[in-house]
Amino acid sequence: MATHLGDVIMSAKPYVHTLSQSNRTVNCSSCVKSCDALKKCSKCGVLKYCSVSCQREDWTVHKEECSYLQRVSPNIPVDSVMLMLRLIIKHKQRDFGKPDSSNDTWNRNFADFKTHKKEIQQDPERMSQFSQIMFTLQKLVGNSLPPATEIFDIFCKMAVNSFTICDGELNPVGVGIFISPSLIDHSCEPNAVVTFTGKTLYLRALEEIKDPNPENIRISYIDQLALTSDRQDQLYKQYYFTCVCTRCSDGEKDKKMRSVKCQNCCLGNLEKDEDGFLPCKECGCSLNSTDLPRINKYENYICRSLESLKLEKKFQDAAKLLQSCIDCQQKQKDYFSSYNIHCLQILDLGLDASIDCENWSQALSYTSLLIAPYRLYYPHQSPQIGLLLMKQGKIQLFLKLSKEALTSLQQSGEIIQITHGRDHPLYRDSQDLLEQCMEEMRMTLEFSNS
Ligand SMILES: [Zn+2]
Ligand SMILES: [Zn+2]
Ligand SMILES: [Zn+2]
Ligand SMILES: [Zn+2]
């Protein structure tokens, strides 16, 4: 049976999952939802739960884990060790998980997972991660660990099959292993999308899929806002394959991601392929011999600035970061088109910083520059576009631009109901904002009539 736009192809609970370290104090270890009144496990004091039923659900695996954590508490192992520990407990319980659909094409369990063992053995970074994990596991579990070869097998499966569990706004909260969804391959031009409600994974169609079996479904494992070479590097480094999707082969979007502004007419953009810059689409001019070195100089400058901006972001001084983004944007705005990948990264950083600083007019200038490139580089119905429009709608509401906010929020709602579903809290938030927007428009109308 064919699947249509927004249909849920499959939902799945994790086989095992764990919260990220930074979320352990604010999210429930079982359902992963954020909660103000979490209660600690009284035995280990490490994991926290929002309710007795959540704690009970987690107990099948936490029971054994709890005794190990007590040995090292208050030191909590890193996320990868926590996930490995849970996989080992399942392995000891001889529980390999069940398929998430009764349809035969989705039939598998953890024992069937791909390992990429050879590639991992030749990957020094992964091998050193494995030794560190082994070292901590020995401290935690001691003599009751399975043989090292079995642990390595589990490690390999974990390394190439994990899903990052995100909240509705795509912030990572944890990591999990999902049995049937791990069958789905990657494409940089996906026809389906994964979002989460709590820890439950939902796979939804982004277009009509005639026969929705794993062979015909593709999701994107990585952020699509990157050049082909960078996406390919990331995919190989993390999953050991080379993507051959149409976007990776035709390089069309890369030309735009490398584009610069025409220095002659100042209206058109000059796209760039492997051989260099193409003539301006508006005036037909090419870059001259003085423009080219200047563009190269600015490209170097912008790359260096991006590195330091990303570093600044870690120190979390939003006001300082925003000022640096504005300076950087000012310096490069005559050279790079707003479709240029470097420019987009600055705009993204600037948007977050301006929201943190509650500088709404600045934030709006960023969202309005980001929307067209997002629509070009992400699939039409992608959570990234839905969220950007929702942010824009909120900003416009703060600025009392109710009419503009209405348009942004309506467009955002249309996308979010496809990517997250109408039952998702994020969709309800977007509808509340829409309501608020209409209320403000009614009040303005009454005020002007009176
Ligand atoms: Zn819970
Ligand atoms: Zn415990
Ligand atoms: Zn690709
Ligand atoms: Zn031109």
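The largest nonpolar core of this predicted model comprises 55 residues, and within this core Met84, Phe155, Met158 and Leu201 have the most contacts. A nonpolar core is here a set of buried Ala, Val, Leu, Ile, Met, Phe, Trp, Tyr and Cys residues joined through C-beta atoms within 7 Å. A residue counts as buried if 20 or more other C-beta atoms lie within 10 Å of its own, as exposed if 12 or fewer do, and as partly exposed in between, with C-beta atoms placed from the backbone. Helix α5 (residues 148-161) gives the most to this core, contributing seven residues. A second, separate core holds 44 residues, including Cys280, Tyr339, Ile355 and Ala363. In soluble globular proteins, nonpolar side chains tend to be buried together.

Residues are numbered from 1 along each chain as its sequence is written, and chains are lettered from A and ligands numbered from 1 in the order in which they are written. Local features need pLDDT of at least 70 and side-chain atom pairs count only at pLDDT 80 or more, whereas totals for chains, interfaces and linings use all residues.

Apart from neighbours within four places in sequence, Leu201 is in contact with Ser11, Ala12, Phe163, Phe178, Pro181, Val194 and Phe196; contact requires C-beta atoms, placed from the backbone, to lie within 7 Å. Thr195 has Tyr202 of β9 as its bridge partner. These strands belong to an open, antiparallel sheet of three strands in the order β1-β9-β8, where pairing requires at least two DSSP bridges between two strands. Because β1 (8-12) and β8 (192-197) are edge strands with a single partner each, one side of each has no neighbour in the sheet. From one strand to the next the twist averages 20°, the angle being taken between N-to-C directions of axes fitted to C-alpha atoms, on a range from 0 to 180 degrees.

Overall, the chain contains 15 helices and 14 strands, defined as DSSP runs (helices H or I, at least four residues; strands E, at least two) numbered from the N terminus. Buried residues account for 38% of the 450 residues. Of the contacts between residues at least 6 apart in sequence, 61% join residues at least 24 apart.

Helix α6 (residues 228-239) has 12 residues, which at 1.5 Å a residue should span 16 Å, and its end C-alpha atoms are 16 Å apart, in agreement. The expected span is 1.5 Å times one less than the number of residues. Just after α6, Tyr240 adopts a positive phi of about 60°.

Definitions and conventions: Contact = placed C-beta atoms within 7 Å.
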